[in-house]
Amino acid sequence: MEFGKMTEIRDWLSDALDRHPGEKVPDDFAIRLMSRIHAETPRTGVHKWPLRMAIAAGALVILGLGYWLGMGTPNLRKPVLVGTPGDTAALEVEEMWRNRDLLESWELLNDPDLQLGLAEAMTGAGIFESVPASPEAPR
Amino acid sequence: MTEEGGEDAAGWQADPGVALMLRVQTGDTAAFEELVRAYQGAAFGMLRRILGPRGAVEDLAQEAFLRVWRGRDRFRPKGRFTTYLYRVTYNLALNRIRDNARKPLRPLPLDPEGRPLEAASPEEHPGLEPADQEIWADRIGQALQAIPENQRAALVFQHYDGLDLTEIASILEISPQAVKSLLHRARERLRELLSAAWNSGK
């Protein structure tokens, strides 16, 4: 007989040992065990991949949408040159003068002092006028 | 000796437990449930005989099967599935025995009739009166607890689970010759403890 395959030699002790009862397995043992197995199955590595892939796809969609929405906006890094500040002011005054009729319907422009101010602005008069010294001005 | 019991390939390839375990390795929970139902009785019986009447058999059986599930990727079929299951279960039982040796024993929980709950529903043994069954269950249980744990384990694996020396050696992580020695000493001691009762005919 092969050494490792040696079987038990039966005697009265074997018969006595046979009288020891086994252990009754609770009817719901397998059910309770399987509920624990099912509870931890989603945490295993295999099942994480679909979730990770979905998160990555969502992030890509958000990035693409953001890029698409930003395509029509001006490049804020590049300075916009529209002439010198003096040129801009002259253009604005000229525009106001050209539309004077329209602007006069606005109550404030009916003010004679303001009309005078606009006329002076167009002719350049008064801008460089020195203010006459008041007799009350302190010396 | 191979890792899972040293049997030849033809032995484990025909083993239904190994076939189920190979399906379990693919994440097949239905195969695992089938495996649990097929081997739960063996695990419970082994744990009861190793741990004695005070052992928390169900806790350890559940932990053993959970370890089999969690370690399914590491399972390598080199022997019968029972050898693998018993090794996992025995290691848990051994840890529990050593933990309990450091703690005071708790009193046994009793059923409404005052009997220990753990021993309330043993499997029936044909040919014995129920009273005699209980007497012999206690007698054998006490005798098993009276011998060292490694002798007890070797005897339980051989007598109750039908494992051969190589398989027992694999579980206990000793040589087959050492297993043979453990079995000899276990039987000698049990003969001393049980011969009087056996010869009296009760």
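1. Helices α4(B) and α5(B) are oblique to each other. The model discussed here is a predicted one. The two axes cross at roughly 135° and come within 9 Å.

2. On α4(B) they are Leu60(B), Glu63(B), Ala64(B), Arg67(B) and Val68(B). Their counterparts on α5(B), which covers residues 81–101, are Leu85(B), Val88(B), Thr89(B), Leu92(B), Ala93(B) and Arg96(B). Sorted by class, the contact of α4(B) with α5(B) holds seven nonpolar residues, three charged ones and one polar one.

3. As to overall architecture, chain B has nine helices and zero strands. Its elements, taken from the N terminus on, read α-α-α-α-α-α-α-α-α. Buried residues account for 39% of the 202 residues of chain B. Among contacts in chain B with a separation of 6 or more, 68% join residues 24 or more positions apart.

4. Chain A is likewise described by its helices: the chain has six of them and zero strands, in the order α-α-α-α-α-α along the sequence. Of its 139 residues, 5% count as buried.

5. The largest nonpolar core has 55 residues. Those touching the most other members are Ala43(B), Leu47(B), Ala61(B), Leu85(B), Ala154(B), Phe157(B) and Ile168(B). Helix α3(B) supplies the largest share of this core, namely eleven residues. As general background, nonpolar side chains tend to be buried together in soluble globular proteins.

6. With neighbours within four places in sequence set aside, Ala43(B) is in contact with Ala61(B), Ala64(B), Leu85(B) and Thr89(B).

7. Between the chains, 40 residues of chain B are in contact with 27 residues of chain A. On the side of chain B that touches chain A, at least two residues come from each of α3 (29–51), α4 (57–70), α6 (130–145), α7 (149–160), α8 (165–172) and α9 (176–199). Of these, α3(B) gives the most, with eleven residues. That side of chain B comprises 17 nonpolar, 14 polar and nine charged residues.

8. One helix pair across the two chains is α2(A), residues 29–40, with α4(B). Their axes lie 11 Å apart and pack at an angle of about 45°, which makes α2(A) oblique to α4(B). This crossing is right-handed. From α2(A), the contact draws on Phe29(A), Leu33(A), Arg36(A) and Ile37(A). From α4(B), it draws on Glu58(B), Gln62(B), Phe65(B), Leu66(B) and Trp69(B). The classes in the contact of α2(A) with α4(B) are six nonpolar, two charged and one polar.

How values were computed
Residues are numbered from 1 along each chain as its sequence is written. Chains are lettered from A and ligands numbered from 1 in the order in which they are written. This is a predicted model: local features need pLDDT of at least 70, side-chain atom pairs count only at pLDDT 80 or more; totals for chains, interfaces and linings use all residues. Two residues are in contact if their C-beta atoms, placed from the backbone, lie within 7 Å. Helices (H or I, at least four residues) and strands (E, at least two) are DSSP runs, numbered from the N terminus. Ala, Val, Leu, Ile, Met, Phe, Trp, Tyr, Cys and Pro count as nonpolar, Asp, Glu, Lys and Arg as charged, and the others, Gly among them, as polar. A nonpolar core is a set of buried Ala, Val, Leu, Ile, Met, Phe, Trp, Tyr and Cys residues joined through C-beta atoms within 7 Å. A residue is buried if 20 or more other C-beta atoms lie within 10 Å of its own, exposed if 12 or fewer, and partly exposed in between; C-beta atoms are placed from the backbone. Axes are lines fitted to C-alpha atoms, for helices over the stretch in contact, and angles run from 0 to 180 degrees between N-to-C directions. Angles under 35 degrees count as roughly parallel, over 145 as roughly antiparallel, 65 to 115 as roughly perpendicular and the rest as oblique. A crossing is left-handed if the near helix is turned anticlockwise from the far one by less than a right angle, and right-handed if clockwise.
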